[in-house]
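This briefing concerns the structure displayed below. Please consult the sequence and the coordinates together while reading.

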Amino acid sequence: MATVLMMNCLADAMAQNPVPLPRPRPNAQEPPAPPAAETTPPGADEKREVPDEAEACRGRLRAAGTRFDIPTLPAASNTACAIEVPVRLQSVRSRSRGGADIRLSDEPVVSCRFAERFSAWLGELAAPLIAGRLSAEVKAVRTGPGYECRNRNRATTGKLSAHAVGEAVDVAGFELSNGSTMQVKPDGDEAMQAAVGAIRTAACGWFTTVLGPGSDAAHADHMHVDTMQHGSSDRFRICQ
């Protein structure tokens, strides 16, 4: 009787306080799903990996000591007249021994790519060469406006000028630290004309086109330099 009573009491206690069951084991054949990966918009990786070419070019100009601003081009009647990455050049750092900044009096508007080439030629070659030959530093250079929406040689018909896409300038003269001006147009000063001849010849290694006095009537008083490609190769040069 006592045994039956004890078993009944134990059953009542278990009913009031049930023993918790163990958690079910995970199914070995179905591993837990990995966390959902973050979705990336198509092309986002490419945008992070490819730098902004315009800002990269401007950054190289700044690093070289070239001063410029970013212009707004006027509306042109010919839609082919356009500059991909325009800059307005203000000064170039000279690499001659006593050199400083070379002011570009006309502040030509050119493409950033052309600005890199022109700044390097002027600062690294032309200015040191003139300083060595004439014992005077280049203080300023006259270049004309650079960008102009027109055909070659201002003809009414024909091919578009390199000026129309910001790939050219017309160098007319170099103002020197001794107060004189070295003109590209022959003026009878043999030493200065020898210096002009030297930088004109050397320019053919930097530009695809170099035209000056003696080449034709349109370039009688300045030296035209541009980086337009002639034909299928960028190695072909027109140097006159």
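The model is predicted. Its protein chain contains 5 helices and 11 strands, and 38% of its 240 residues count as buried.

**Chain as a whole**
- The protein chain exposes about 14,900 Å², and carbon and sulfur atoms supply 54% of that area.
- Of the contacts between residues at least 6 apart in sequence, 62% join residues that are at least 24 apart.

**Strand pairing around S5**
- Strand S5 (residues 138–142) runs parallel to strand S3 (residues 101–104), and 2 bridges join them.
- Within this parallel pairing of S3 and S5, Arg103 is found opposite Ala140 of S5.
- S5 also pairs with strand S7 (residues 173–176), in the antiparallel sense and over 4 bridges.
- Arg142 has Gly173 of S7 as its bridge partner.

**Largest pocket**
- The volume of the largest pocket is about 400 Å³.
- The lining of this pocket comprises 22 residues, and those closest to its centre are Arg152, Asn153, Leu211, His219 and His224.
- Strand S9 (209–211) and strand S10 (223–226) are the elements that give two or more residues to the lining.
- Sorted by class, the lining of the largest pocket consists of 10 polar, 6 nonpolar and 6 charged residues.

Note on methods: Residues are numbered from 1 along each chain as its sequence is written. This is a predicted model: local features need pLDDT of at least 70, side-chain atom pairs count only at pLDDT 80 or more; totals for chains, interfaces and linings use all residues. Side-chain values use heavy atoms; hydrogens and water are left out. Buried means under 20% relative accessible area, exposed over 50%, partly exposed in between (1.4 Å probe, protein chains only). Contact means heavy atoms within 4.5 Å. Accessible areas come from the Shrake-Rupley method with a 1.4 Å probe; for residues, only the protein chains shown count as cover. Two strands pair if DSSP finds at least two bridges between them. On a 1 Å grid over the protein atoms alone, a cavity is a set of points where a 1.4 Å probe fits but cannot get out, and a pocket is an open set with protein on both sides within 12 Å along at least five of seven lines; lining residues have an atom within 4 Å of a point. Grid points are joined across faces, edges and corners, and a volume is the space filled by probe spheres set on the points. Ala, Val, Leu, Ile, Met, Phe, Trp, Tyr, Cys and Pro count as nonpolar, Asp, Glu, Lys and Arg as charged, and the others, Gly among them, as polar.
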